Every structure is written in structure tokens, then in C-alpha cells.
Amino acid sequence: MAVAIGDKAGGNLTAAISVYLGGLVIGLTLVSFPASSLVLRSIHGFSNEAYGAIYLPQLIAAVGGALAGGAAEGRVSLKAMYIVSLLAFCLAETLLAMSASASTGAALPMVMAATALFGFGFGFGGGPLNAFAALLFPSRQGAAVTALHMCAGAGLTLAPILFAALDRVGLWIAGPVALAATAGLLALLSIRAPLPVPPRQELRTTSVSHPSRSLFFWLCAAAAMFYSIAEGTFSNWAIVFLTDERGLDPQAAALALTCFWAALTAGRLLATLIAGWLPPAAFLLSLPLAIMLTQLALPMVGSPAEALIGFAAAGLSCSAFFPMLVAFAAAPTPQAISWIASMLTAAMMVGVGIGSYAIGALRGSEPIADLYPQSTLAPALCLIATLTAFVLIRRRRSPA
């Protein structure tokens with residue numbers, strides 16, 4: 001991405017650092033909560049249901065943040081929205097760190113407030129961040145947005161290893177403290193960064209209907225939600241499943257979660273490289289099937305090696321679905337990509353929260369190993385929604 005836009009190469013470098021480091025911070029912050037699952041459960045004795053409940057505020061706040069972002073479009077600058085989201089991440093990690101020394105009764109509300117702050121920042125700032133990447137490199141928008149997702153994927157991959165290593169030496173609290181400081185400093189940098197301003201009037205001056213009035217868009221949003229239910233069952237309960245039910249040590253479980261995020265990131269990169277030869281349907285219709293196969297296979301995991309392979313396969317099966325879905329949903333109205341990305345992100349967070357909470361609520365009567373096969377309903381519904389969206393858009397494009 002060493003491309004200078006305009007005459008102020010230094011300013012563009014500052015803007016690029018602000019945007020792509022923001023992607024990294026999002027990935028690290030998102031995984032900081034599941035990566036802290038063993039610490040939170042051991043210090044405060046959270047039950048399965050209580051641990052699953054910490055993700056409910058995240059999904060509610062993510063939806064609220066995305067809706068607020070959509071309402072703020074045209075009234076508040078994308079730059080201001082992004083800075084607000086960084087400050088929310090900073091506060092979220094501050095509360096997570098403070099929860100370690102809180103009483104058992106106060107710890108759960110503090111962690112739930114932390115996930116709510118992250119959810120709001122994710123929903124409110126996700127759309128602007130995607131728009132900034134595309135606007136910074138207008139001649140290479142696809143590569144620019146993909147690079148942003150790669151940065152987020154790097155954060156998703158690094159967080160489990162980082163938090164497990166810090167916990168092993170008794171310094172777990174350094175993880176959320178460092179993330180809070182990074183998000184705060186990045187917010188200060190972003191205030192000075194010359195972030196690009198999008199042509200906001202474009203959608204209003206065209207005859208194209210807003211995507212919110214389209215059944216096609218809402219089918220894509222439903223697909224995003226059902227897809228992410230599966231992702232939530234993989235990511236947020238991986239460490240608990242592998243330690244409690246398979247007897248793996250915490251480091252091996254953290255490495256398996258790292259393999260999930262690494263494979264997800266690598267799969268997105270691979271999809272970008274081969275997307276020129278394959279239509280979006282090849283990814284959007286095959287990956288839900290791969291997710292179902294992985295959910296059926298994970299109950300057979302028993303050793304550390306099998307855990308690494310199983311969760312790497314889960315990450316690969318999830319990898320390119322969401323980025324491809326965003327591009328597919330934005331194709332009829334590309335000028336609304338910021339709004340579309342925000343709303344699909346909100347739908348994704350709803351799914352992650354539902355998947356995470358459902359496992360916690362049901363685990364009292366059934367082990368996670370038995371719940372994985374039952375979870376195949378989510379990718380099956382995702383596939384149905386995606387197929388319906390494809391049929392709808394094909395009919396719309398066909399001559400009368």
C-alpha cells in the first residue's frame with residue numbers, strides 16, 4: 001500500500017496508519033474477551049450462562065451503534081464517528097482490566113459494560129473505517145479494503161497468543177491495559193490525521209432507492225446474521241470446549257483459537273487472490289456447507305493436534321463469507337457502502353451474540369460437543385437466505 005494520494009504524502013501516510021492500525025485494534029479488542037475467558041471464570045467463578053451473557057450487551061450495542069451511525073450519516077463526519085469508536089474501545093479495555101480487581105458481584109456488570117462499549121464502537125465505526133480504506137486508495141479499492149481486513153485478522157490471530165502468554169506469567173492485566181492505551185493514542189493520532197471525506201451527496205442525487213428499502217439487502221443481512229451465529233459458536237467457546245470437555249491445557253486451547261483466526265485471515269487473502277477466476281456465488285454458496293461439515297466434525301476432536309486442525313478448518317470455512325457478502329450486498333448501490341457495511345456488521349454482531357449466548361444457556365443440559373451438530377441449522381438458514389438473494393438479484397437484472 002505504498003501509494004501516495006495527492007501532494008501530501010506524509011499526511012496520507014498518517015491517515016493510512018490511523019485506518020489500518022484501527023483495523024488491528026478492532027481485531028485485538030474483539031478477541032480480548034474470549035481470550036480472557038479462563039481468567040474471568042477462574043477469578044470470579046462465572047457460570048456457563050453468565051459467561052455467555054457477557055456477549056448479549058455486545059450484540060445489542062452493536063446494533064444500536066450501527067443504527068446510530070446510519071442516522072448520523074450526513075450530520076456527523078465519518079472522522080468524528082471513527083474517533084468516538086476508538087474512545088469506546090479504550091473504555092472497554094479499561095473496564096476489562098478493572099474487572100480483575102472488582103468484587104464478584106461487580107465484575108459481571110463491568111465486563112458486560114465493557115462488551116457493550118466494544119459493540120457500540122464496532123457498529124458505529126465499522127462503516128466509516130471501510131469507507132476510509134476505499135477512499136484513501138481509489139484506484140485500488142478492493143485491495144485497500146482487503147488489507148484492512150487483513151489487519152483486523154492479524155489482531156484476531158495475535159490476541160489469543162498474547163493473552164495466554166501474559167496469563168502464564170501472571171500479567172494478564174497488561175493485555176487490556178496495553179490495548180486501552182493503544183486505542184486512546186490512536187484516537188489522538190486520528191484527530192490530527194487528514195482522513196478522506198466521502199462525497200455524501202451522491203446517494204441522495206441519484207434515482208436509486210436506498211438499500212434499506214430492498215428485500216435483497218435484508219436477505220443479505222439475514223445471511224450475515226445466520227453466518228455469524230456459527231462463527232460465534234466457534235470463536236467464543238473454543239477455549240472452554242477444549243479445556244473443560246477435552247482436557248487440553250490452556251496454552252494448547254489458545255493456540256487452537258489462534259489457528260481459527262489465522263486460517264480465517266489466510267482464507268480471506270486466498271479468496272482475494274482467486275476472486276478474479278471465481279464468481280461470488282462460488283464462495284457465498286460453498287462456505288456455509290463447509291461450516292456445516294466442520295460443525296459435524298468438531299465433536300470428534302480429542303488431541304491437541306486434532307484441535308489445531310479442527311479449528312483451522314473452522315476458520316477456513318468462515319473466512320471469505322462476510323467480506324464477499326459485503327461486496328455482493330453493495331453491488332447494486334456502491335455509493336451506500338458505508339451504511340451497508342455498518343448494517344451488515346450489526347447483523348454479524350447479532351449472530352455472534354446469539355451463538356455465544358445460546359451455547360452458554362444450553363450447556364447446562366448438554367455438552368458443547370453435542371451442541372455443535374445442532375448448530376448446523378444456522379449455516380443452513382444462511383445458505384437459504386443467500387440463495388434467495390441470488391435469485392432475486394438475477395431476476396432484477398434479467399430483461400423483462
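Start by selecting Thr386: beyond residues up to four places away in sequence, Thr386 touches Ala223, Leu284, Leu285 and Phe321. Keep in mind that this is a predicted model. Thr386 sits in helix 17. Its relative accessibility is 2%, so Thr386 counts as buried.

**Along helix 17**

Stay on this helix and select Pro379. Helix 17 covers residues 377-397, and Pro379 is part of it. Is Pro379 buried or exposed? Pro379 is buried, because its relative accessibility is 1%. Now show what surrounds Pro379. Setting aside neighbours within four places in sequence, its contacts are Phe226, Ala230, Pro288, Ile291, Met292 and Gln295. For a sense of scale, draw a line from Pro379 to Thr258. The two are 121 residues apart in sequence, and their C-alpha atoms are 22 Å apart.

**Into helix 14**

Next, select residues 321-330. This is helix 14, and eight of its 10 residues are buried, so the rest of the structure largely encloses it. Which residues of helix 14 are buried? They are Phe321, Phe322, Met324, Leu325, Val326, Phe328, Ala329 and Ala330. One of them, Phe321, was already on screen as a contact of Thr386.

Pick out Phe328. Leaving out residues up to four places away in sequence, Phe328 touches Phe216, Cys220, Leu284, Ala389, Phe390 and Ile393. Leu284 is also among the residues that Thr386 touches.

**The nonpolar core**

The largest nonpolar core holds 124 residues. Which residues have the most contacts inside this core? Select Val19, Tyr20, Leu242, Phe260, Phe311, Phe328 and Leu344. In soluble globular proteins, nonpolar side chains tend to be buried together.

**A stop on helix 9**

Move to Ala222, in helix 9, which runs over residues 215-235. Ala222 has a relative accessible area of 24%, so this residue is partly exposed. Ala222 and Lys79 are 143 residues apart in sequence, with 29 Å between their C-alpha atoms.

Thr243 counts as buried because its relative accessibility is 14%. Zoom in on the Thr243 side chain. One of its polar atoms lies 2.7 Å from the backbone oxygen of Ile239. Then widen the selection. Apart from neighbours within four places in sequence, Thr243 is in contact with Leu38, Leu248, Asp249, Pro250 and Ala253.

How many salt bridges does the structure hold? There is one. To see it, show the side chains of Asp244 and Arg41, which meet at 2.8 Å, N to O. Asp244 belongs to helix 10 and Arg41 to helix 2 (residues 37-44), so this pair ties together parts that are 203 residues apart in sequence. The two partners differ in cover. Asp244 counts as partly exposed, at 43% relative accessibility, whereas Arg41 counts as buried, at 17%.

**Out to the surface**

Leu13 is in helix 1, residues 9-35. With a relative accessibility of 53%, Leu13 counts as exposed. Together with Leu13 they make a nonpolar patch on the surface, with about 250 Å² of accessible area in total.

How values were computed: Residues numbered from 1 in each chain as written. Predicted model: local features only at pLDDT ≥ 70, side-chain atom pairs only at ≥ 80, totals over all residues. Heavy atoms only, no water. Patch = residues over 30% accessible without salt bridge, like charges linked within 9 Å, V, L, I, M, F, W, Y side chains within 5 Å. Areas by Shrake-Rupley, 256 points an atom, 1.4 Å probe, with all protein chains shown as cover. Salt bridge = Lys/Arg side-chain N within 4 Å of Asp/Glu carboxyl O. Helix = DSSP H or I, 4+ residues; strand = E, 2+ residues; numbered from the N terminus. Buried < 20%, exposed > 50% of the residue type's maximum accessible area, 1.4 Å probe, protein only. Polar contact = N/O pair within 3.5 Å; in protein donor to acceptor, adjacent residues only side chain to side chain. Contact = heavy atoms within 4.5 Å. Core = buried A, V, L, I, M, F, W, Y, C linked by side-chain atoms within 4.5 Å.
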